[in-house]
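This report looks at two residues and at the side-chain contacts around them. The sequence and structure come first, followed by the terms and the findings.

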Amino acid sequence: MSDLSGKVALVTGGSRGIGAATAKRLARDGATVALTYNSSPDAAQAVVDEITSAGGTAQAYPSNASDPSAVAGTVRQVAEDHGGLDILVNNAGVYVTGPVHELTDADYDANLNINFRGTFSAVRAAVPILRDNGRIVNIGSIVGTTGMPGHALYGASKAAVANLSAAVAKEVAGRGITVNTVHPGPIDTDMNPADAEKNPSADYQRSATPLGRYGRADEIASAIAFLVSSEAGFITGAALPVDGGMTA
């Protein structure tokens, strides 16, 4: 476990799945955690309650990842409320898939506006605010590293996230700030459940993973916790697959 005492972390999309697991992990490591939600205030409050019940500090903020001004306002508000910002984890996203000829303009808007522009907006707002030696971790996907049928828009949005990370990493390196991407493989969340009765592709995803199972949200959170720690100070511009060997 890393020591994040005295650090302020913002986790976007922190009300469920990977975001919730990350918020809990960073709080357990000692960080003051701010988490955003869009349409799930009760779920976000449940995460906050679990963190505070365990002795941590957390606060939930409503924010629409597709609205650049809302994203920027939330970043500034978190820094103002908590005396600064040290860690940004961009997790908010949607998973809109389908054959390319069936995808709509609305599908394009959802994938690119939330998955990519939401991440870009948060990074743009955070860079001037982040303390020196801060940390940014953007959540990509293995689908952003290799083409996958039915994932043209989703994969493109996540590929853009990874390239954003690599470019910004070079821009802010002089301040000791690191910027990295985590590429999850199949992770058991409500967006991509491991239960084959709920998800027709679950058995395929499991069989395509050398470890033979879905990953857990807390396993992604562990990778993020390492990247935001002092131990990872010489890692920047990297893209880390956490996928059970699927892209090996």
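## Terms and basis

Helices (H or I, at least four residues) and strands (E, at least two) are DSSP runs, numbered from the N terminus. The model is predicted, with local features needing pLDDT of at least 70 and side-chain atom pairs counting only at pLDDT 80 or more, while totals for chains, interfaces and linings use all residues. Residues are numbered from 1 along each chain as its sequence is written, and side-chain values use heavy atoms, with hydrogens and water left out.

## Gln59

Gln59 lies in strand 3, which covers residues 57-62, and its relative accessible area of 32% makes it partly exposed (buried is under 20%, exposed over 50% and partly exposed in between, with a 1.4 Å probe and protein chains only). Beyond its neighbours within four places in sequence, Gln59 is in contact (heavy atoms within 4.5 Å) with residues including Val33, Val48 and Asp81.

Its side chain forms a polar contact with the side chain of His82 at 3.3 Å, and another with that of Tyr61 at 3.2 Å. A polar contact is a pair of N or O atoms within 3.5 Å; within protein, one must be able to donate a hydrogen and the other to accept it, and residues adjacent in sequence count only if both atoms are side-chain atoms.

## Tyr61

Tyr61 is also found in strand 3, and it counts as buried because its relative accessibility is 6%. Leaving out residues up to four places away in sequence, Tyr61 touches several residues, among them Thr36, Thr74, Val78 and His82. The side chains of Tyr61 and Asp81 are joined by a polar contact of 2.8 Å.
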